[in-house]
Amino acid sequence: MASSSMDTEAAGQDSKGSGYTVAATAHAVDSDSWQQVGLLLMIGFNCAYVLSFSNLMMAPLGWGWGVACLLLVGAAAWYANWLLAGLHFIDGQRFIRYRDLMGFVFGRKMYYITYFLQFATLLLCNMGFILLGARALKLCTHDLPPLHASLLVVINQAINVEFTHTPARLQWFITATGIVYFAFAYFVPTISAMRNWLATSAVLTLAYDIALFAILIRDGKSNKQKDYNVHGSPSEKVFNALGAVAAILVCNTSGLLPEIQSTVREPAVRGTRRALLLQYTAGVAGYYGVSVAGYWAYGSSVSEYLPNELGGPRWAAVLINAAAFLQSIVSQHLFVVPIHEAMDTHLQRLDEGMFSRYNLTRRLFARGLMFGFNVFVTALFPFMGDFVNLVGSFALVPLTFMFPSMVVLKIKGKSGGRWSRLWHWGIIVFSTVLCVATTAAAVRLIFNNARIYHFFADM
């Protein structure tokens, strides 16, 4: 294995744990129970993104291929993450960052490749969260009855009547969402610090899931003219199907399991695998259930944002959008914490607490810079939902499938046996082909929509 000679975070500042070495970090390590991490995974993946998955995953595939791909990709993601969880300890070191693991095994180049893939994934994912949160907030304020309008609606109406004489643009809500996400990331800086918010987030998740299922069942029964055909030319069907496979991968994995696993108390491998069991059983029932129910209720014409089509009372639409927005505040944090950890470890004083005056000032700058950039890009390209497919294809395919098998082949060599080597080489070859094909489909979709929409479009 290659020497860990690259300039990783906190190089040369390792501290001893329970018989293993852990790289220095500004965030907590070995502090959370597997039950807490399992609940965090369940909540994190049952986020506002599920409101787009009926359109992204089921509509391009139809019933047969759709259900088959949901099961196959979900099972494959579970296996790949189960495998990756077993690589958390190598040669007496606990790898709390994915990029450190790849750098240790393969050298400096793979460290930076993993760094780029991870952070590109997390930044695009956070932009998607900002867009979905903004849409939920906009629809929530739109559906509120005039006599019960919230203070936010009054302020937005006053601003827009005064300056533009038009309804509040999506960009207003993108900015408001970014500010709220920034505040949460600033005062709840680490994964472990999220423990106090998990119960509230779980209640919000159940609230909008139950309300969604109730309305979807009602709408599905009343809708007698549902069309489940997959539309488009043969080439369009192929490209859209590849995009759907990438979206299914996005809803099942994150590409940051080692960073999440770093918080799990010993035995970390067994604990993380138990947490994954919760995600891929109870958790998957939630986000797969909403995706399938949305497609059943509305067919291939299902909206890219499910609440756009919901019937029923206005208060139910307000409840779903408000709960989705509030729940996304917690969920989005999970999928961007590794960026915060990297910046905190570089910028903060590790011998001081997270809330010392010096570290608070540095964190204010770091969080503000990141969320300011994400808000601007999201407002500029308000069709960020298309980037979900790009994330799943270009970055998550290698992070989820290819890299763990590469590590297994490297550390075990010929001792793993012939069939094991063939199995992992097969995974590498297949995931490479899948990565190229789905990336081409995602780029095609983005270019098509870039011609339709304009910068700062009010969608």
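Is Tyr280 buried or exposed? In this predicted model, Tyr280 has a relative accessible area of 7% and is therefore buried, the cut-off being under 20%.

The structure holds 20 aromatic pairs. One of them joins Tyr280 to Trp78 in a stacked arrangement, with 5.7 Å from centre to centre and 10 degrees between the planes. This pair links distant parts of the chain, since Trp78 belongs to helix H3 (residues 62–85) and Tyr280 to helix H11, 202 residues apart. Trp78 is partly exposed, at a relative accessible area of 28%.

A second pair is formed by Tyr111 and Tyr115, whose ring centres are 5.8 Å apart; their planes stand at 75 degrees, so the pair is edge-to-face. Both residues lie in helix H5 (residues 108–143), where four residues, about one turn of the helix, separate them. Tyr111 is buried, with a relative accessible area of 1%, whereas Tyr115 is partly exposed, with 21%.

Ring pairs also link Phe45, Tyr49, Phe53, Phe129, Tyr287, Tyr288 and Phe335 into a cluster.

Among the buried residues of H8 are Leu204, Tyr208, Asp209, Leu212 and Ile215. The cover over the buried residues of H8 includes helices H1 (34–45), H2 (50–58), H11 (268–298) and H12 (314–334).

Key
Residues are numbered from 1 along each chain as its sequence is written. This is a predicted model: local features need pLDDT of at least 70, side-chain atom pairs count only at pLDDT 80 or more; totals for chains, interfaces and linings use all residues. Side-chain values use heavy atoms; hydrogens and water are left out. Buried means under 20% relative accessible area, exposed over 50%, partly exposed in between (1.4 Å probe, protein chains only). Helices (H or I, at least four residues) and strands (E, at least two) are DSSP runs, numbered from the N terminus. Contact means heavy atoms within 4.5 Å. Rings of Phe, Tyr and Trp (its six-membered ring) pair if their centres lie within 6.5 Å; planes under 30 degrees apart count as stacked, over 60 as edge-to-face and the rest as tilted.
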